[in-house]
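I opened this notebook to keep track of what I looked up in the structure, one entry at a time.

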Amino acid sequence: MKKEIKEKLKHLYLHAYIIFWIIIALFPVLWIVSMSLNPINVLKPTTLTLIPKNASLSAYMKVLQKPYEAYPVPFVQLLFNSLFVAGGTAFLSVALAATAAYAFSRFSFPGRNIGLISFLVTQMLPATATLAPLFVILTLLHVRNSLFGLIIAYASGSVPFAIWNLKGYFDTVPKELEEAALVDGCDRNQAFLKVILPLSVPALAVTFLFGFMNGWMEWMLAWTFLTKPQNFTLAMTLYNMQGQWNTPWSQFAAFSLIISIPVMVVWFLLQRYIVSGLTLGAVKG
């Protein structure tokens, strides 16, 4: 009897613990939703009212009709730019990192360890540390003020982490599978494309998601490199809503929720791979 009581108390404690952290995690989201429904753009939100008085979707309508006050850039254009940059960053990161990680995983060459450590060191630097050299390099390449230049800049920051992540996963794939493919007539490239990559879909999905989020959320480099309003992204527009003296918090909250939808869609599309890929590759260096 005492054992049953202890088990029930244990389950009760675990459920209370989980519910507590769920509330902690959801509270900021509820606050944002509440602010987005408030028809009055309060200057400093200090209280949480789940359904504010005279709640409406006017903030959503306004940011969708005219998201950028200073320039008449339509929402669809901003959405296309963000998808192009985020998708391009993710594809470029995966393409470059997959081949590099395979080389670091399978081959021994001079500078291999130094190269891996160098990639790790770059991840310890703040993003602003690379702003000046990226600005100069992209200007010399005549792509700084374009979405292609932004993709290159973002990919340069995503590739080191992607290489480490994919290398760890490739280390777990048995070399015997490649050797069997080579015996069957495949060359090294075919073994990589037909054996290694199909087996590495979970790790590739995780790498793609991180690259997509990096390209989707980043705004600091974008504001430094881009000057043409038609190239602006959704993240830049959200940052621009923060005024020096006043911020339209209802519109800010509504826009925050809107631009998070594509990331959630990508997450749901990749979730069956991501659940296993997040842990694989994490125990091998």
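**Charges**

I began with the charged side chains and found 19 positive and 10 negative ones in the chain, with the centres of the two sets 13 Å apart. For this I counted Lys and Arg as positive and Asp and Glu as negative, leaving out His and the chain ends, and I took the place of a charge as NZ of Lys, CZ of Arg, CG of Asp or CD of Glu.

**Ground rules**

I noted that this is a predicted model, in which local features need pLDDT of at least 70 and side-chain atom pairs count only at pLDDT 80 or more, while totals for chains, interfaces and linings use all residues. Residues are numbered from 1 along each chain as its sequence is written, and side-chain values use heavy atoms, without hydrogens and water.

**Overall build**

I looked up the elements next and found 12 helices and 0 strands, where both are DSSP runs numbered from the N terminus (helices are H or I with at least four residues, strands E with at least two). The C-alpha atoms fill a box of roughly 75 × 70 × 30 Å along the principal axes. I also noted that 38% of the 285 residues count as buried, a word that here means under 20% relative accessible area, with exposed meaning over 50% and partly exposed in between (1.4 Å probe, protein chains only).

**Confidence**

I read a mean pLDDT of 86 for the chain, with 94% of the residues at 70 or more; pLDDT is the predictor's confidence in each residue, from 0 to 100. Over residues 281–285 the pLDDT is below 50, although this stretch has 9 contacts in the model beyond near neighbours in sequence, a contact being heavy atoms within 4.5 Å. Where pLDDT is low, the predicted coordinates should not be read in detail.

**Core**

Which residues touch the most other members of the largest nonpolar core? I found that they are Leu166, Phe170, Phe212 and Phe255, in a core of 62 residues, defined as buried Ala, Val, Leu, Ile, Met, Phe, Trp, Tyr and Cys joined through side-chain atoms within 4.5 Å. Apart from neighbours within four places in sequence, Leu166 contacts Ala97, Ala98, Ala101, Ala203, Leu204 and Thr207.

**Two single residues**

I checked Ser158, which lies in helix H6 (residues 147–170), and is buried because its relative accessible area is 10%. Its contacts, leaving aside neighbours within four places in sequence, are Thr89, Ser93, Gly211 and Asn214. I then turned to Ile117 in helix H4 (residues 112–124), which is exposed with a relative accessible area of 53%.
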